Amino acid sequence: MKELEERILRDGKVYAGDVLKVDGFLNHQMDAALFRRMGEEWRALFPQEVTKILTIEASGIGIACVAAEVFGVPALFAKKSRTKNIAGSVYTAQVESYTHGGVYTILVSKEYLTKDDKVLILDDFLANGNALLGLMSLVEQAGAELVGAGVAIEKAYQPGGARVREKGVQVEALAQIEAMSPDEGIHFC
Ligand code: 5GP
């Protein structure tokens, strides 16, 4: 998506440790008009029936919510919990954090993710793939159908894309970064 690539080049900042900061329009301050056009891109890339958009808190929520409006379905976000033993009617998965390190539990209520759902997963970044794999586990536990996964930015030189695609999942990234560094800047595929 040309507009997203141009925005990343204009406002993104590459930090040491393979972190791209896009706080000005995606991760902190949010450009909702851009999110709507991203939602329309995903709609075109995923013409299949979708009944629910699933994401992970916190930075997926904005894009998922606006995309959900485009798809005409609810957005559901997996909550992050520090509690190890979660009682009650929830599906849980363990996810290793890319930006903060450590492992955390994600959970969704069984009430909102069911075997009748056709789920599109959306997230801001795809790096090592742990966030998407954790969300996919929740979909599988619910017996729901996974339509695919959309990400705003895939760092294509990291292994996440291959890890998810080799499971047969349709993954669509709106911007794919081939290489980036604080000195050399950002290069798209
Ligand atoms: P993964 O689980 O694929 O390794 O990483 C994806 C998650 O880590 C995303 O939900 C995102 O929040 C975060 N993340 C990964 N790489 C970056 C990055 O370069 N910049 C930012 N801001 N977040 C990232």
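**Ground rules**

I call a residue buried under 20% relative accessible area, exposed over 50%, and partly exposed in between, using a 1.4 Å probe and protein chains only. My areas come from the Shrake-Rupley method with a 1.4 Å probe, and for residues only the protein chains shown count as cover. This is a predicted model, and I take local features only at pLDDT of at least 70 and side-chain atom pairs only at pLDDT 80 or more, while totals for chains, interfaces and linings use all residues. Residues are numbered from 1 along each chain as its sequence is written, and side-chain values use heavy atoms, with hydrogens and water left out.

**Lys115**

I started with Lys115, which is exposed, with a relative accessible area of 60%. I found Lys115 in the loop between strand S6 (103–109) and strand S7 (118–126). My helices (H or I, at least four residues) and strands (E, at least two) are DSSP runs, numbered from the N terminus. What does Lys115 touch, leaving aside neighbours within four places in sequence? I got Ala142, Gly143 and Ala144, where contact means heavy atoms within 4.5 Å. I also checked Lys115 against Ile177: they are 62 residues apart in sequence and 35 Å apart in space, C-alpha to C-alpha.

**Helix H1**

Which residues of helix H1 (residues 2–11) are buried? My list is Leu4, Glu5, Arg7 and Ile8. Looking down the axis of H1, I see its buried residues fall within an arc of 160°, so they line one face of the helix. That arc is taken from the directions from the helix axis to the C-beta atoms. An α-helix has 3.6 residues a turn, so residues three or four places apart point the same way. On the other side of H1, I noted Lys2 and Arg10 as exposed. The cover over the buried residues of H1 includes helix H3 (32–45), strand S8 (145–155) and strand S9 (171–181).

**Helix H4 and what follows**

In H4, I have Gly62, Ile63, Ala64, Ala67, Ala68, Val70 and Phe71 down as buried. The buried residues of H4 pack against H2, H3, S3, strand S4 (75–81) and S7. Just after H4, I spotted Gly72 with a positive phi of about 75°.

**The ligand**

Next I looked around the ligand.

I found an N or O atom in the side chain of Asp123 at 2.8 Å from an oxygen atom of the ligand. Asn130 uses a backbone N or O atom, 3.1 Å from an oxygen atom of the ligand. For Lys155, I read 2.8 Å between an N or O atom in the side chain and an oxygen atom of the ligand. On its own the ligand has 500 Å² of accessible area, and the protein covers 90% of that.

I went on to Gln158, in the loop between S8 and helix H6 (160–165). Is Gln158 buried or exposed? At 11% relative accessibility, Gln158 counts as buried. Not counting residues up to four places away in sequence, I see Gln158 touching Asp18, Tyr98, Ala127 and Asn128.

Ser97 sits in the loop between strand S5 (90–96) and S6, and I have Ser97 as buried at 10% relative accessibility. A polar atom of the Ser97 side chain lies 2.9 Å from the backbone nitrogen of His100.

Asp18 has a phi near 60°, a positive value in a residue other than glycine. I placed Asp18 in the loop between strand S1 (13–15) and S2, partly exposed at 29% relative accessibility. A cis peptide bond joins Glu57 and Ala58, with omega about 0°.

How many disulfides does a search of the whole structure find? I got zero, taking a disulfide as a pair of cysteine sulfur atoms within 2.5 Å. Cys65 is partly exposed at 47% relative accessibility, whereas Cys189 is exposed at 57%.

Conventions. A polar contact is a pair of N or O atoms within 3.5 Å; within protein, one must be able to donate a hydrogen and the other to accept it, and residues adjacent in sequence count only if both atoms are side-chain atoms.
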